[in-house]
Amino acid sequence: MNRTIRRAAVFTLLLVLVLLVRATWVQFYKGQALADDKDNRRNAIELYSEPLGNIVVAGDPVTGSARTTGGDLGYKRTYEDGALYAAVTGYSSQVYGATQLEGVYQELLDGTDTRLKTVLDTVTNKRADPGDVITTIDPDTQRAAYEALGDKKGAAVAIDPRTGRLLAVVSTPSYDPSEITAGNSEVWTRLTEDDEDKPMTNRALRQPLPPGSTFKLVVAAAALEDGLYSSVDERTKSPDPYPLPQSSSNLTNENPNAPCEDASIRVALQYSCNNVFGKMAVDLGQDKVREMAEKFGFNDSEQDVPVRAYESVYPKDMDKAQTALSGIGQFDVTATPLQIAMVSAALANGGELVEPHMVSKITDHSGDVLEDYDDNASTKEIVSSSTAEQLQSAMQTVVAEGTGSNARISGATVGGKTGTAQHGENNSKTPYAWFTSYAKSDSSDKEVAVAVVVEQSDAERSEVSGNGLAAPVAKAVMEAALR
């Protein structure tokens, strides 16, 4: 064999060896990453080759699977009352992935969760029959919140204070997940880019906003627990207006004729006196207010219900003027409706907060329970029963005699707190209207805690208030939950 042929043979052999090494590397080291790649079409084909499991509300599935006509995907996701439940279910799309409960429980719903496999499935390597997600959502309460919000941009959350079960999670404007399951790019662009109202934003769980005067409940709880005041009826030392420390500005009240000077906590909640709670936050100090806020759930970046809620924030490193503003739910304080509902739920439940959750249990295809979240929900004490009872009483005064009159319900004991939060530089934009409350039926053992925020409505700016816009929504939600 001459030298040229020998060199060509060696070179060819080297190429074969390189090819074998490359194939081995791809197969054993890169194979799983390639298989899991979001752009791997085989994953979508496999995912939608069979019907998915369902998300269930009150015994009825609100999701489904339908045969496709043409293409390589056998099924597509369908939704019953899609816009009504979008903030709960999220979507499962052939192109855009999955969110909310669809995303959290994707493996359960598509049958790849290892807990679903039978012995035969393991032997044959067959994908198991999918499981189902059983929610805590009450359809009547969910619909009442959705219809009461109507054309308003906002959100509502309702919780059973004793169990932590989320009865309603609503965000408006909403969208129908069915429109994007097959990957319609025009609809996707409209929902994600063109629509200024951002209907795919889950405002109930994932849009923290300044909570305004609803945060005064947290400050009041801190003052009573700390012993700054022994009772909601003890008079405070609160000038009206309150001169902001280290500032030339005064903290004034919306109603200049309200009896806010040296007002008790009850009266200050009744008339939503800024001067009282601004000074109270300064007297307590930001650390004590923050400690109480964090007990309620603020500054928790891992709040799962089981969908990950965005963090509600009570800030650090404030000066005294900023601390005063934080005491009325302004400056850099932000909260989701879920977080504010948790405040009312803990107070309504004697000071104990039961872990909020919107999934009751997950089951296999036969209905056998794989995990029970109702039984495993944790409970922690936020404030003493004495503090909770006093604040319940003060919140009842807000509804019976104060700024929360639109939340009154015949045949129920209702306590609440209004909030109107500034929006934009120098409050140049329409304020946010808040209302949080709890209700206990006088004729049954039913209870509910609610938070509502209205970001935008067709009301004139002068008519924007927690009592005017948010309280009627809360009333409708509470009535449905107690019915």
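This is a predicted model: local features need pLDDT of at least 70, side-chain atom pairs count only at pLDDT 80 or more; totals for chains, interfaces and linings use all residues.
Local features need pLDDT of at least 70 and side-chain atom pairs pLDDT 80 or more, while totals for chains, interfaces and linings use all residues. Residues are numbered from 1 along each chain as its sequence is written, and side-chain values use heavy atoms, without hydrogens or water.

**View 1. The whole chain.** The chain has 18 helices and 20 strands. Both are DSSP runs numbered from the N terminus: helices are H or I with at least four residues, strands E with at least two. The C-alpha trace spans about 105 × 55 × 40 Å along its principal axes. Of the 483 residues, 50% are buried (under 20% relative accessible area; exposed is over 50%, partly exposed in between; 1.4 Å probe, protein chains only). Among contacts (heavy atoms within 4.5 Å) with a separation of 6 or more, 68% join residues 24 or more positions apart.

**View 2. The disulfide Cys260 to Cys273.** A search of the whole structure finds 1 disulfide, defined as a pair of cysteine sulfur atoms within 2.5 Å. Cys260 is joined to Cys273, S to S 2.1 Å. Cys260 lies in the loop between strand E11 (250-251) and helix H11 (265-270), and Cys273 in the loop between H11 and helix H12 (274-284). The two are 13 residues apart. The torsion about the S-S bond is about -75°, so the disulfide is left-handed. Cys260 is buried at 1% relative accessible area. Cys273 is buried too, at 0%.

**View 3. Helices H10 and H12.** H10 (residues 216-226) packs on H12 at about 50°, with the axes 10 Å apart. Axes are lines fitted to C-alpha atoms, for helices over the stretch in contact, and angles run from 0 to 180 degrees between N-to-C directions. H10 is therefore oblique to H12 (under 35 degrees is roughly parallel, over 145 roughly antiparallel, 65 to 115 roughly perpendicular, the rest oblique). The crossing is left-handed: the near helix is turned anticlockwise from the far one by less than a right angle. H10 contributes Lys216, Val219, Ala220, Ala222, Ala223 and Asp226. H12 contributes Asn274, Phe277, Met280, Ala281 and Leu284.

**View 4. Gly327 and its contacts.** Gly327 sits in the loop between helix H14 (320-326) and helix H15 (337-348). Gly327 is buried, with a relative accessible area of 0%. Leaving aside neighbours within four places in sequence, Gly327 contacts Phe215, Lys216, Val219, Phe277 and Ala281. Glu147 is 180 residues from Gly327 in sequence and 33 Å away in space, C-alpha to C-alpha.
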